[in-house]
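Subject: Structure for your review

Dear colleague,

I am handing over the structure we spoke of, and below it I set out what was found in it. Please read the notes with the coordinates open beside you.

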Amino acid sequence: MEVVYEDNHIIIVNKRPGEIVQGDKTGDRPLSDMVKDWLKEKYAKPGNVFVGVVHRLDRPVGGVVGFWKNEKGRTPRKPNFRGGDRGQKKRGRTTQNAPT
């Protein structure tokens, strides 16, 4: 796992194509769990580690993914994700051909 940026409230990591951001029915290990384990080890945290998903990328897409490290970092940004128009653009690139 490659950490691109980290501060007190957020961590941004590089997601490789094929990885999943959150757990699903496949049972594959999600990136969110990898981030939790990384934070737990780096900071020698006892007990559970909070990681909130800022946004997701589809499995075949690679790119950067943000995670909240605590509720305090999440709260100010949360209103931006309510409603339909977020004023954001998403770009992605895949290394695989789209299914036909």
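For what comes first, a patch is made of residues with over 30% relative accessible area and no salt bridge, and nonpolar side chains are joined within 5 Å. Please keep in mind throughout that this is a predicted model.

On the surface, Val4, Tyr5 and Val64 form a nonpolar patch of this kind, and together they have about 270 Å² of accessible area. Val64 belongs to strand S4, which covers residues 61–68, and with a relative accessible area of 45% Val64 is partly exposed.

As to the overall arrangement, the protein chain has two helices and five strands, which follow one another along the sequence in the pattern β-β-α-β-β-α-β. Of its 100 residues, 25% count as buried, and the accessible surface of the chain comes to about 7400 Å², with 47% of that belonging to carbon and sulfur atoms. Among contacts with a separation of 6 or more, 55% are between residues 24 or more positions apart.

The largest nonpolar core has 12 residues, including Ile11, Val13, Leu31, Val35, Leu39, Val49, Val65 and Phe67. Strand S2 (10–15), helix H1 (31–42) and strand S4 each supply at least two residues of this core. Val49, one of the core residues, touches Lys36, Leu39 and Lys40 when residues up to four places away in sequence are not counted.

Turning to charged pairs, the count comes to six salt bridges, of which I describe some here. Lys42 forms a salt bridge with Glu6, and their closest N and O atoms are 3.0 Å apart. Because Lys42 lies in helix H1 and Glu6 in strand S1 (residues 2–6), this pair ties together parts that are 36 residues apart in sequence. Lys42 counts as partly exposed at 46% relative accessibility, and Glu6 also counts as partly exposed, at 21%.

Glu6 has a salt bridge with Lys69 as well, in which the closest N and O atoms are 2.7 Å apart. This pair links distant parts of the chain, with Lys69 in the loop between S4 and H2 and Glu6 in strand S1, 63 residues apart. Is Lys69 buried or exposed? At 16% relative accessibility, Lys69 counts as buried, because the cut-off for that class is under 20%.

A further salt bridge is formed by the side chains of Asp28 and Arg59, at 3.0 Å from N to O. Here too the pair links distant parts of the chain, since Asp28 is in the loop between S2 and H1 while Arg59 is in the loop between strand S3 (52–53) and S4, 31 residues apart. Asp28 counts as partly exposed at 35% relative accessibility, and Arg59 counts as partly exposed at 29%.

Leaving aside neighbours within four places in sequence, Lys69 is in contact with Glu6, Asp7, Asn8, His9, Ile10, Ile11, Leu39, Tyr43 and Phe50. The backbone oxygen of Asp7 lies 2.7 Å from a polar atom of the Lys69 side chain, and the C-alpha atoms of Lys69 and Asn8, which are 61 residues apart along the chain, are separated by 7.3 Å.

With best wishes

Key:
Residues numbered from 1 in each chain as written. Predicted model: local features only at pLDDT ≥ 70, side-chain atom pairs only at ≥ 80, totals over all residues. Heavy atoms only, no water. Patch = residues over 30% accessible without salt bridge, like charges linked within 9 Å, V, L, I, M, F, W, Y side chains within 5 Å. Areas by Shrake-Rupley, 256 points an atom, 1.4 Å probe, with all protein chains shown as cover. Salt bridge = Lys/Arg side-chain N within 4 Å of Asp/Glu carboxyl O. Helix = DSSP H or I, 4+ residues; strand = E, 2+ residues; numbered from the N terminus. Buried < 20%, exposed > 50% of the residue type's maximum accessible area, 1.4 Å probe, protein only. Core = buried A, V, L, I, M, F, W, Y, C linked by side-chain atoms within 4.5 Å. Contact = heavy atoms within 4.5 Å. Polar contact = N/O pair within 3.5 Å; in protein donor to acceptor, adjacent residues only side chain to side chain.
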